[in-house]
Amino acid sequence: MNTEKNDSVYDFLKFIYSTLIHGQMADPSSTVHTEEEPLVIDDIAYDNENERNADQCTSRGCMWSKSADGKVYVPYVIAGHYSSRERSIIERGLQSFNSVSCIRFIQRTGQRDYLSIQSNNGCYSYVGRRGYAQTLSLDRQGCLYHNTVQHELLHALGFNHEQCRSDRDKHIRILWENIQSGWEYAFDKIDTLNLNTPYDYNSVMQYHRYAFSGNNKPTMVPIPNANVEFGTAKQMSQNDITRLNRLYKC
């Protein structure tokens, strides 16, 4: 067996996974966060360790409020350290919700609750509305891709990862023995609201089959057809859009 060739293939797959799903040029497990940042597990932010085992969006009121005109306005502030090109990528992601939903990301004009979009260490977001300023990190070094911006914004709107869906065991098999030690919780199943939509291999919230692999082998395999491609979405799928509209009754 040509191990050098296999290692090269694996490195390439990790690159594809990091770029398409996280938008990061390095394995997310290697990202180091500062003391000033929230507790970050994978790409989801928490206020404290106790929140890790709960689906914080369904255990409390986490949705952004709908206005009298039927729109859901989500204020945001983009930090000044982004270049004009980087800012345009973020704004394209924000505006992409306009034509497919009632969600409207708007520049903050004094609202109490808003998204504070900044370049911290890695790509991450809280799940759902937290109240007051809530950080959504899009690191300038690897997170500025359209699918990554949409992915983190969907977290902020209340959505979890596809492979963590409550019905995932009918559609995908987790290969626990291949997961990098210490990262098993990234595959914890959550009591999600699936909104009568099917499991979606093409969701922008679905990770790649080699996500968090510790031995160069897949960590997820589709069932019953193990050859189905997944985790390569470049933008929100139709199911992502349908769920968003159903959750917010657009």
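Mentor: What follows is a conversation about the labels and the definitions behind them. This is a predicted model, in which local features need pLDDT of at least 70 and side-chain atom pairs count only at pLDDT 80 or more, while totals for chains, interfaces and linings use all residues. Residues are numbered from 1 along each chain as its sequence is written, and side-chain values use heavy atoms, with hydrogens and water left out.

Trainee: How many helices and strands does the chain have, and what makes a stretch count as one of them?

Mentor: The chain has 4 helices and 9 strands, where helices (H or I, at least four residues) and strands (E, at least two) are DSSP runs, numbered from the N terminus.

Trainee: Why is threonine 192 called buried?

Mentor: Buried means under 20% relative accessible area, exposed means over 50%, and partly exposed lies in between, with a 1.4 Å probe and protein chains only. Threonine 192 has 13% relative accessibility, and therefore counts as buried; this residue is found in the loop between strand 8 (172–174) and strand 9 (220–222).

Trainee: What does the side chain of threonine 192 reach, and what makes that a polar contact?

Mentor: The side chain reaches the backbone nitrogen of serine 166 at 3.1 Å. A polar contact is a pair of N or O atoms within 3.5 Å; within protein, one must be able to donate a hydrogen and the other to accept it, and residues adjacent in sequence count only if both atoms are side-chain atoms.

Trainee: Why is phenylalanine 230 called buried?

Mentor: Phenylalanine 230 has a relative accessibility of 2%, so this residue counts as buried. Its place is in the loop between strand 9 and helix 4 (238–247), and, not counting residues up to four places away in sequence, phenylalanine 230 touches several residues, including Ile172, Tyr201 and Met220, where contact means heavy atoms within 4.5 Å.

Trainee: How do you know that strand 5 and strand 7 pair, and in which sense?

Mentor: Two strands pair if DSSP finds at least two bridges between them, and strand 5 (residues 114–118) and strand 7 have 5 bridges in the parallel sense. In one of the bridges, serine 116 has threonine 135 of strand 7 as its partner. Strand 6 (residues 123–125) is joined to strand 7 by 3 bridges, and these two strands run antiparallel.

Trainee: What makes strand 7 mostly covered?

Mentor: Strand 7 (residues 133–138) has 5 of its 6 residues buried.
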